[in-house]
Structures are given as C-alpha cells and as structure tokens.
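Me: I am new to this structure. Could you take me through its salt bridges?

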Amino acid sequence: MAPYASDDSTHAGEADDLRVGRRRAVRYIVPVTVVGVAAATIGLVPALADSGDPDLPKITAQQLIEKIAASDVQQLSGTVKITTDLGLPDLGGLESGLLSGATGGDDGGSSADPSTKLTELASGTHTLRVAADGPDRQKLSLLESAAEYSLIHNGKDVWGYDSASNEVYHSTAQRKGAAEPVPATPKDLTDEALKAVDDTTSVTVDGTVQVAGRDAYKLLVEPKQSGSTVGAISVAVDARTGLPLKFTLTPASGGAAVVDAGFTQVSFARPSAATFDFTPPKGAKVTEGDGADAAGGVPVPPKGAEEGFAKDLAGLDVLGEGWTSVATFDTGGEGVPSAGDLPDAGGLGGFLDSFGDKVDGKFGSGTVFSTRLVNALVTDDGKLYVGAVTKDALVKAANAGE
C-alpha cells in the first residue's frame, strides 16, 4: 500500500492489489452519456454529522485503515441522509430517462425495479431507513413526500415495492456472485475509495468527530496529483466498531460536497425479524425479474449478458495512473451529433450543444461533457475518454493516447 502521512513503511503487494482494484472498477463505466457515468460513479448512500470533538486515543492512518478492514458489523438499523450535487444541468425531466437507460432500466418496466428507482439518489437530498441482519437480510427504504420505496432482501427473495404506483418487483437471489453489489453504505463507498490509494495519495488522520451520537475518527484521503476533480475524501470511522459512519467527497473546484453521506441515527441492535417480511399488497402489479445478487439485492443481467458486456468492453484501456487515470473506449460510433446534425435542431441536438464543450487536439475534435466530479470526452470518430479529471487533463490524456 502507498505510504501514509503517518507511516514510513510501504507494501508493494497491497499497492499492486489496489491498482488491480482500480482497473476492475473501470469495467463498470458504461460508454453512454456522462449522466450515466456519474450515476454509476457515485453509487448509493447517506449524509450529515453531529458537532463534537471527542477525546479519543491516538491512532495512525495505517491503524485506522486496518480498523475499517477488520470491521464486521452484522446487525444495524438507522436513518441515513444522502446529498448529491454533481452540478448536472436542468434536463427538464430527461434525467430519469437517461439515468434509467444508463443503468439497465427500460420504458414499460416496473417502477419498483431497483435498477431504475434508486437512480433518484444521483441528485438532490434524500432520507433513507436502513436495516441489516447478516448477509441474507437487508432492507432499504427511500422516504418521499407522500410515498415510500422499499428494497428488501430476505433469504432467497428480493422485493422492491413502490407505494406510489402500488407496483412490486420480485427477484430471487439464486445466482450468487453473478454481479458485485452497488455501493449502498458509507462503508461501501469507503472501500471503493480506498482502492484508489497508491503512491499518488496522501492519507492522514484528521482529528475526531461525532456522527449520530457516536465518537469517530476522521480519515482524510487526498490526491497528490494535480488535474483530478477530487479535492478530498473524508470518512468518519466509528471508534468502537470501525464502521464508516459518514463519507464526504469534496471537489477540487471547491464549494459544496459532491457526495455527503452519513448516518443521522444508528443502532447496532439486531432488528426484528418482521422488519424483513414482505407480502405484495392486494391489487399490486407484480413484475418478476431475472435474478439478483444475493449479497446486495441488486438485479443482475440475464444469463449470457456478462460475456456480451465483456466483449463490448474488449477495447477498454486506462491511460495514466492514480487519481488522474482516464478510461478510454472505442464505441465504434460517429461521436456526438450536434444541433445541425439532427432534424430537431431546437431539441436534443441543441441540448447536446449547450451541455458539452467543443474541443480540439492531436486526437482530432470532440465534445467534453462535464459534471463537478466526472468528465467525459467523446471524439467525433467515436472514442470515449472518461475520468475524475479536469477538462484540460482529459484533453491531455486523449492527445497522449493517440
């Protein structure tokens, strides 16, 4: 592992593993619009910390990393809050369609399908109730103004229920290991962030804090490289259990956090077994899915889809290293159409022109689509470059890749 600010030793084998982890993560980048890329990048989670500066025993960054790794919380329940600010433009209602298309949803599907419903967490502020009792029982409820969406994993069954439409999505956790679960807790986000740690990273202990009434250490992860859109990642780690309670990602550009996720209330007592019981309400429309990942209750592709997806990404490569890594992929298309290329020049074409910035370089010409975290360059000849890097760094990588 990379040297931490509070440690002198290095672990080459662990660093290699982390680099492999970064490249494994690249395969989840879908070559569509930056909207879909951003949604896949942030995953799902919570926000908000209490005030307080508890007096805790001193700990090094290496020890705190090891404490997180050793954490084995099996039972918990609580309330979490998610605030996500990618800086996406107002899409006039197109967001849900673009996001569902990027994550596997389709028109005419069930509104209770978690692969489409949970994309709402990609923007704004949301309140969740969560509960877990070991690897076979979890529940997540998204609380809305006049409705509630629940995702329940109980044994072999995975249920999604949308009270607003009275629709139910059912799948079975029969294909264990077929897909990795989407990050769904501060711990999941922290684990993914720590995969990025190498010699381009500074990791320190940044004092203490209270989250949801619990004493916690603050782990601070910062890129050493210039050109990354990530300013810093702060993780509040429960001093007793080692469980990450809060995850905050701030952009290098400053301003509000891109992702602020943490518990506002948490209990480590075992939830009632009835918490995970579910029976479709009378009159509800029930849609049967194709299977789900037993670890996270997340729908997986139909049989054979994994090979097709892998074949589609056969040309994927990674340019650069560390926090300025850029994934590149040849879509085989013809780039992004402009307003003049489309019959409805005032519609989709005009929207694409206003959303993206035209750029030129050794690679040719193309369009950069930007958020506060992820930028994507689509060249006129159909190549995609995407990463958590600035527009200049993205163009530089595309020039070097030619």
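Reply: A salt bridge here is a side-chain nitrogen of Lys or Arg within 4 Å of a carboxyl oxygen of Asp or Glu. The model is predicted.

Me: How many salt bridges does this rule give?
Reply: The rule is applied to side-chain pairs of Lys or Arg with Asp or Glu. By that rule, the count of salt bridges is nine.

Me: Is Asp238 buried or exposed?
Reply: Asp238 forms a salt bridge with Arg214, at 2.7 Å from N to O. Asp238 lies in strand E9 and Arg214 in strand E8, so the pair ties together parts 24 residues apart in sequence. Arg214 is partly exposed, at 23% relative accessible area. For Asp238 the relative accessible area is 1%, and under 20% counts as buried, so Asp238 is buried.

Me: Which strand holds Asp260?
Reply: Asp260 meets Lys246 in a salt bridge of 2.5 Å, N to O. Both Lys246 and Asp260 are buried. Lys246 belongs to strand E10, and the pair ties together parts 14 residues apart in sequence, with Asp260 in strand E11.

Methods. Residues are numbered from 1 along each chain as its sequence is written. This is a predicted model: local features need pLDDT of at least 70, side-chain atom pairs count only at pLDDT 80 or more; totals for chains, interfaces and linings use all residues. Side-chain values use heavy atoms; hydrogens and water are left out. Helices (H or I, at least four residues) and strands (E, at least two) are DSSP runs, numbered from the N terminus. Buried means under 20% relative accessible area, exposed over 50%, partly exposed in between (1.4 Å probe, protein chains only).
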